[in-house]
Amino acid sequence: AGLCMSVSAFAAAESGTIEGGFTWEADTATATVTVTGSGEVPESPWIDAVDFTSDGKTNYIFGDGITGISNLGFPTGSVEVGKDFQSLDALKQASGPITISEDNPYFASYEGCVYSKDMNTLLYCPYCIEEPILYPGVKTIAAGAFDGVIGIANTFSRVVIPWGVTTIEDGAFSGIVGVSGDNQYVVLPNTITSMTEGALPGKSKGTGSRFIYRKDNQLVDNILKGKWDSYQTEMAYPVNSLAEYYPGQTAAPVQNGWVQENGHWY
């Protein structure tokens, strides 16, 4: 968490070249490095020339033509990428908010997080966003969406999974680790129709996080009840109402079992 609060200090070098025909230029006033070229930026000592203290954060801009980067380093500030960037693994090296060109055919961004181009799937939420605001129309939370950068845990304060999300993939929350006790939580809506125990954080990592959901949401309750993390914190936190998080939403929770509608069984 301390990495999220660090600041940058620039060394004397303010521009240079990178193997493969790339160039970089540093703006010392904003701690921003702009990289231009074509293709994937190779792993190179250039990072060391522009990231100048062991706890420093640097903002990066990768121009059109750049498809990925082998080693971004950490912690980062903000990261902007152009229309040709196509490496999700590279984006997952970012700990600060990410902005993606509207012309990029592979990904989209909203409030610093990365989505599929159609905005249906949350792909990655950088761990230095303390209270992420997710796109209201998202439908799926992908595996690894809350992974911490380069093995560092995601330590957000809270995240409200939007109403309308139907799918939580296995591994979606595998990267979260609580640092603030009861203040860290995930709110799950009643609209979820696909979720298994595999979506939860691994017990070996511990979480310290609570999952808030409506008491009569049988699908989610069956997954969470009786689950404890390695800190001996109970993950399940059922509540009577989710109105605090989803004002005006009254849809019935998903139920396990058969339902009869208009003479047909589902």
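This is a predicted model: local features need pLDDT of at least 70, side-chain atom pairs count only at pLDDT 80 or more; totals for chains, interfaces and linings use all residues.
Trainee: Is lysine 83 buried, partly exposed or exposed?

Mentor: A residue counts as buried under 20% relative accessible area and as exposed over 50%. Lysine 83 has a relative accessible area of 33%, so its class is partly exposed.

Trainee: How many salt bridges does the structure hold?

Mentor: Another joins aspartate 147 to lysine 92. The number of salt bridges in the structure is five.

Trainee: How many residues apart in sequence are the parts that aspartate 147 and lysine 92 tie together?

Mentor: The closest N and O atoms of aspartate 147 and lysine 92 are 3.7 Å apart. Aspartate 147 lies in the loop between strand S12 (140-141) and S13, and lysine 92 in the loop between H2 and S8, so the parts tied together are separated in sequence by 55 residues.

Trainee: Which residue forms a salt bridge with lysine 227?

Mentor: Lysine 227 is in the loop between helix H3 (218-224) and strand S17 (236-239). The partner is 30 residues away, in the loop between strand S15 (185-187) and strand S16 (210-214). With closest N and O atoms 3.8 Å apart, the partner is glutamate 197.

Trainee: Which strands are the edge strands of the open sheet?

Mentor: Six strands form this sheet with mixed pairing, in the order S1-S2-S3-S5-S7-S8. An edge strand pairs on one side only, and here that describes strand S1 (15-18) and S8.

Trainee: Which residue in S3 stands opposite tryptophan 24?

Mentor: Strand S2 (residues 22-27) and strand S3 (residues 32-36) run antiparallel and are joined by five bridges. Opposite tryptophan 24, the residue in S3 is valine 35.

Trainee: What separates the C-alpha atoms of proline 162 and valine 138?

Mentor: Proline 162 sits in the loop between strand S13 (158-160) and strand S14 (167-168), and counts as buried at 10% relative accessibility. Among the residues proline 162 touches are Tyr135, Val138 and Tyr246. Although proline 162 and valine 138 are 24 residues apart along the chain, the separation of their C-alpha atoms is 7.2 Å.

Trainee: Which residue has its backbone oxygen 3.4 Å from a polar atom of the side chain of glutamine 93?

Mentor: Glutamine 93 is placed in the loop between helix H2 (88-91) and strand S8 (98-100). At 11% relative accessibility, glutamine 93 counts as buried. The backbone oxygen at 3.4 Å from the side chain's polar atom belongs to serine 70.

Note on methods. Residues are numbered from 1 along each chain as its sequence is written. Side-chain values use heavy atoms; hydrogens and water are left out. Helices (H or I, at least four residues) and strands (E, at least two) are DSSP runs, numbered from the N terminus. Buried means under 20% relative accessible area, exposed over 50%, partly exposed in between (1.4 Å probe, protein chains only). Contact means heavy atoms within 4.5 Å. A polar contact is a pair of N or O atoms within 3.5 Å; within protein, one must be able to donate a hydrogen and the other to accept it, and residues adjacent in sequence count only if both atoms are side-chain atoms. Two strands pair if DSSP finds at least two bridges between them. A salt bridge is a side-chain nitrogen of Lys or Arg within 4 Å of a carboxyl oxygen of Asp or Glu. Lists of a residue's contacts leave out its neighbours within four places in sequence.
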